[in-house]
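Please look over the sequence and the structure shown below before reading on. The questions that follow take up one topic at a time, and each is answered in a few sentences.

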Amino acid sequence: MNDRSEFLANAGTDTQLCHLGHDPASFHGFVNPPVVKASTVLFPDVATMESHGQKYIYGTRGTPTTDALCQAMDALEGSAGTILVPSGLAAITVPFLSVLSAGDHALVVDSVYAPCRYFCDTMMSRLGVEFEYYDPEIGEGIERLIRPNTRLVHTEAPGSNTFEMQDIRLIAEIAHRHGCVVTMDNTWATPLYFRPLDFGVDISIHAATKYPSGHADILMGTVSANQAHWPKLKDANWALGMCGAPEDSYQILRGLRSMGLRLAHHEKSALTVAKWLESRPDVSRVLHPGLPSFPGHDLWKRDFKGASGVFSMVFGGHDPQMAKARAKAFLDALELFGLGYSWGGYESLAVLVNLSDRKIRKAPADGQVIRLQIGLENVEDLMADLERGFAAAAAI
Ligand SMILES: Cc1ncc(COP(=O)(O)O)c(C=O)c1O
């Protein structure tokens, strides 16, 4: 380790985010790395070409720009290596393809990001892998589901849309006892608020589309592995021809510089709104791990360093049709909150949540779930907008 990397390794998170991934002295003092776009890389002679005896050999296998982002992610995740892929969804599918073979059984948390389930139930099932979905709060009960051919345990905490917490350390420990690989979708917390590899996870998955991008304009996924799983992951990445574009990598690295400050704002505003919603008689429940009333709160408090800006509320009453009508009126009345799916940007969003694909953690019976992403706007303005939604719903 040189002086700079040693200093950075012991620095605070915001300091690290400002300096990770690129050393200005390595490129004429420019503060940011160059955007190196490439397919072809030239070799000085046949011997170097045959032995792949130089750092860069082909555009799909990395450029100085993509490397800068990979290095930053390795420092944040504590990983041996990181691959870049074109979306957060690809950050799930590539490690699954790297680990699973025909005849294998895999356990996937039931509160998983829905397109992951689609991938498992369609393409992966066609390739001969059997998937079983488990209760996010299963804890040590996961052991009963592990079979001799179980190869992968996929986790996501908090869960998509309903935010159930998982005891990641416990699940990883049990899964490892049976020789399974443990993956985790850590998009909600980012490595600033939770470092999966420190809790025994082998492969940490991140939709960099969300908070690292921060501006709702870039799609990218990162997958970071520990030493044992890095060679296989890297090999799968090459075999599949998946790579991150240099322009997008540059933008994600740029986003990382301010991610700590943005997350702190998202966290504070989201908790303010969540507490306010919880106090309202027209809201049945608020699904936010940072609220003491939430069933997974103790796990969140024990393991996580913070909360990001996405959570849900259950709203509209016990009659499902009426609850949906009220929820639609609520959403259509919002002016500041946009109706959109991909969160993590600077702007607030709201969506009607569809939980019809759940096998175990079914949709709540006490109302319709609405997911909110609390952006960087002034929180009073956001609450005034939500108040507009509540008034419209009450008029139904
Ligand atoms: C938890 C989670 N993981 C992965 C993804 C996929 O990210 P992308 O939109 O980049 O494919 C999303 C997207 O919403 C997500 O919410």
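## Helices, domains and backbone

Q: Over what distance should the 16 residues of helix H14 (residues 379–394) span, and how far apart are its end C-alpha atoms?
A: In this predicted model, helix H14 runs over residues 379–394, which makes 16 residues. At 1.5 Å a residue, and with the expected span taken as 1.5 Å times one less than the number of residues, H14 should span 22 Å. The computed separation agrees with this, because the end C-alpha atoms of H14 are 22 Å apart.

Q: Which residues of H14 are buried, and how wide an arc do they cover around the axis?
A: The buried residues of this helix are Leu382, Leu386, Gly389 and Ala393. Their directions from the axis put them on the same side of H14, because the arc they cover is only 50°.

Q: Which elements are included in what covers the buried residues of H14?
A: The buried residues of H14, Leu382, Leu386, Gly389 and Ala393, have a cover that draws on other elements of the chain. That cover includes H11, strand S9 (310–316) and helix H13 (320–333).

Q: Is Ala274 buried or exposed, and which residues does it touch?
A: Ala274 lies in helix H11, and because 25 other C-beta atoms lie within 10 Å of its own, Ala274 is buried. Leu287 is 13 residues away from Ala274 in sequence, with 8.4 Å between their C-alpha atoms. Not counting residues up to four places away in sequence, Ala274 touches Val286, His288, Gly290, Leu291 and Phe311.

Q: How far apart in space are Tyr250 and Pro33, C-alpha to C-alpha?
A: Tyr250 is found in helix H11 (residues 246–278), and it is buried, because 22 other C-beta atoms lie within 10 Å. Apart from residues up to four places away in sequence, Tyr250 touches Val35 and Thr65. Pro33 is 217 residues from Tyr250 in sequence, yet the distance between the two in space, C-alpha to C-alpha, is 7.7 Å.

Q: How many residues of domain 1 are in contact with domain 2, and how do they divide by class?
A: The domain assignment of the chain gives domain 1 (3–255) and domain 2 (260–394), and the C-alpha centres of the two lie 28 Å apart. Between them, 32 residues of domain 1 are in contact with 34 residues of domain 2. Helix H2 (13–19), helix H6 (114–126) and helix H9 (190–193) each supply at least two residues of the side of domain 1 that touches domain 2. By class, that side of domain 1 has 16 nonpolar, nine polar and seven charged residues.

Q: How do the residues of the shell around the ligand divide by class?
A: The residues around the ligand are Ser87, Gly88, Leu89, Tyr113, Ser160, Asp185, Thr187, Ala207, Thr209, Leu219, Gly221 and Ser342. Sorted by class, this shell divides into four nonpolar, seven polar and one charged.

Q: What is the omega of the peptide bond from Ala157 to Pro158?
A: Most peptide bonds are trans. Pro158 lies in the loop between strand S4 (150–156) and helix H8 (168–177). The peptide bond from Ala157 to Pro158 is cis, with omega near -10°.

Q: What is the phi of Asn161, and what is the phi of Thr190?
A: Most residues other than glycine have a negative phi. Asn161 lies in the loop between S4 and H8 and counts as buried because it has 23 C-beta neighbours inside 10 Å, while Thr190 has its place in helix H9 and counts as buried because it has 25 such neighbours inside 10 Å. Both values are positive: phi of Asn161 is near 70°, and phi of Thr190 is near 60°.

Terms used:
Residues numbered from 1 in each chain as written. Predicted model: local features only at pLDDT ≥ 70, side-chain atom pairs only at ≥ 80, totals over all residues. Helix = DSSP H or I, 4+ residues; strand = E, 2+ residues; numbered from the N terminus. Buried ≥ 20, exposed ≤ 12 C-beta atoms within 10 Å, placed from the backbone. Contact = placed C-beta atoms within 7 Å. Arc of directions from axis to C-beta. Near = placed C-beta within 6 Å. Nonpolar A, V, L, I, M, F, W, Y, C, P; charged D, E, K, R; others polar. Domains from an automatic or database assignment.
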